[in-house]
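Q: I am new to reading protein structures and would like a close look at a single part. Could you walk me through it in plain words?

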Amino acid sequence: MKLIIAEKPDLARAISEALPGEKKSKGKYIEQGDYLITWAVGHILKLMYPEEIEPETYVEKQWKLEQLPIIIDNWGDKLKPIESTKEQLNVIKDLLKKCDSIIHAGDPDSEGQLLIDEVLHYFKNKKPVERVLINDNNKENIIKAFEKIENNKNYETLYKSARARSVADMMVGIYYSRYYSLRSNSRLALGRVQTPTLGMIVNRDLSIESHEKRKYFDYSLNVEVIKSSNKNEKAELDKLYNLYQNEFIDEDKKADYQKKLLDEICNLKENTPLKLKYVLPKENSEEKYNKQFYEELKGYSQNKSFDIEIKKEKVIEKAPLPFNLNELQIYCNKKWGYSPSDTLELTQTLRDKYKAITYNRSDCQYLSVEHYNEADIVMDVVLKNLNIIVPELNTKKFPASECFNDSFVTAHHAIIPTKTKVNISELGDKERNVYKAICDYYIIQFLPNCVKEKTEATSTLVLENDLKSTSTRIIIPGFKNYLNDKLDSDNEENSTDLSKLVPGTYTSNFISDLVEEKETKPLTRYTEASLLKDMTSISKYVSDPEIKKLLKEKDKGKKGESGGIGTPATRANIIERLLELGFIERKGKNIISTQKGRDLIRISPMDLKNPTLTAEWWVIQEEIINGTKTEEDLYKSVIDNFIKFKNSNPEIPILSSSNVEKEVIGKCPKCGGDIYEGVTKEKKKNYYCGNYKEGCKFKLYENMKHFQNELKLTKVKVKNLLSNKDVAFKLTSKGGKEYEAYLKIKINGDFVNFEQTGYVNTKK
């Protein structure tokens, strides 16, 4: 028997559908012909901390500066089960005993290689292992992937590279977090991705707060365009008609457009007002702050006539690509204010509970050609689920949307709806919004492009064509008729009477001019959407040209990434972690750094508050993959850098006591004291009253019981509960039915309970 270990349950099911043989489901695995098929559920093992590996040397909660850097031999092999996935790990353990060989079906990337290989190493597997690379759950693609199955040894260095990065991340976190915590007498946390992300927020805030307004000026003039007596006006109209006629699918709409062109010309006023803006040459850019310069321009324009050249061009706007996780999180934050972690959780529910969407943590916005071939089937289900009819929809649209490109599909493809029937009335409001958004961005791939007409008028004041005006209008709305989304203001119509003028040369008379005084504006505060966007391209803030170059090379060929940090699957957690640590806070829609966060960035080593490590590690990881370096080389670079840092800062006080005061989470509902975050002896997070020495026993824990439900209390939820707000939780009734309800704290003597105040879908 061959044991296939897939990275996720849905891939295991897809493999089962593609392979021959009678299928027998055994709960946590499938028996099928000569195969046993099981799955991981993401990572099911995690690295151990020094205290767990060598408890006699490294005592829990008794960190010592002299023990840093901690060096553990073969740290990458020191793994332990993740509590919530122990059951599945034991299933794999039992199946490994039954099988003759294994097929590794982790995702075809470094993390997927690590995820399954570390399980095999954990159980000291000696049986033969093959590797199948599947990046698309379509049946045909899975069959093709099995035809190209390889020896897993071919990917051993990929596994080692990923393992090295995982261990190095833990080393950096332990070394610097403990160093700063010990020096500041407060628990502080630093990390390779977390700290540069905080650095971006702090730098943005400081830039805004230190911004000094500076006056600058714009110059424009209003003219009256004299209607052309050009005998070739009809010829120009014919050219315009011919330019767009092939874009029309409907003959009636084509005729309507031709009539509209003629009507516009016939009804156009003799003299058309037009505003021309002066465009400052790049070499004179500093002159925009010089009012006298603009006042002198007036001498060139007063009471003069101008020749104006009108040109038109066709602009094709294609439908935006389907979502990856990052783009979906940005969209949902902009449109509904959902946090990235909320969107991730909602997509997880849509995928796991309803089977309504494909893999939700994807970093890719492209689909395979096979997805194009099966679009008829998927679209039929989607339209029925949404109970809509979409005119002009064509699943055989040719040329096909640019999203259908096998060469751009990575370990995963874009997030799209599945062929599963979904009763959207059973979805919560937020779930429905996210599902519909995913469906919408799939549907528009099969709608016509939006066709626009851009008209540009140019004239000369001092230098050639230094006066300009533009007007853009939509000729064929295409997918915009369906999408009707106002989030992308840059692509909206901006039409004036200029659009009604046919191409040609016109004369005009001066009417008036204006020197307008303006003020420079600071950058805007980060929102979660704009922060996610910048995390994909942090390289643009890097001043070191070599580091900038390496970051961009790291993401070469990755659409939507340009020298970024983190992954779509981890970025939401990074933001939530910074919030929980009190380094940043939400203010309305904005994300703003706290004093604690600013202090940490102020004293953090340069290599950590910039994405330097991500760039330098990438080079070493590539060399590990190529076999020219080993895991030890990466570990050595981390150790050497830390020793150098530690030795250069022996006597520097890190933070004053005023900067490391414990964060007050809220007020105790029992005695009114301050609530702080703490950790139990069992390493479980809790929230306790500062008046505990005076006898107040109020406490909240990270996990608490509410009837048959276990509530997970994040810091954000605790803050809201302590503010006497209703907080939404996902619950399960005694009958097993899932629902969302609002809960509040209820004090019962020394005990803390919760009372339900309403349902999420019904409460206003």
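This is a predicted model: local features need pLDDT of at least 70, side-chain atom pairs count only at pLDDT 80 or more; totals for chains, interfaces and linings use all residues.

What share of the contacts in the chain with a separation of 6 or more comes from residues 24 or more positions apart? And what can be said about helix α15 and its surroundings?

A: Of the contacts in the chain with a separation of 6 or more, 72% are between residues 24 or more positions apart. The chain has 764 residues, and 49% of them are buried. Its secondary structure comes to 24 helices and 27 strands.

Now let's turn to helix α15. It runs over residues 429-443, which makes 15 residues. From its first C-alpha to its last it reaches 21 Å, close to the 21 Å expected at 1.5 Å a residue. Several of its residues are buried, including Glu431, Val434, Tyr435 and Ala437. Toward the end of the list you will also find Asp440, Tyr441, Tyr442 and Ile443 among the buried ones. The buried residues of α15 pack against four helices, α11 (325-336), α12 (340-352), α14 (375-386) and α16 (480-483), and against the strand β25 (727-732).

Threonine 349 has a relative accessibility of 14%, and because buried means under 20%, it counts as buried. Leaving aside neighbours within four places in sequence, threonine 349 is in contact with Tyr354, Glu431 and Lys730.

Technical notes: Residues are numbered from 1 along each chain as its sequence is written. Side-chain values use heavy atoms; hydrogens and water are left out. Helices (H or I, at least four residues) and strands (E, at least two) are DSSP runs, numbered from the N terminus. The expected span of a helix is 1.5 Å times one less than its number of residues. Buried means under 20% relative accessible area, exposed over 50%, partly exposed in between (1.4 Å probe, protein chains only). Contact means heavy atoms within 4.5 Å.
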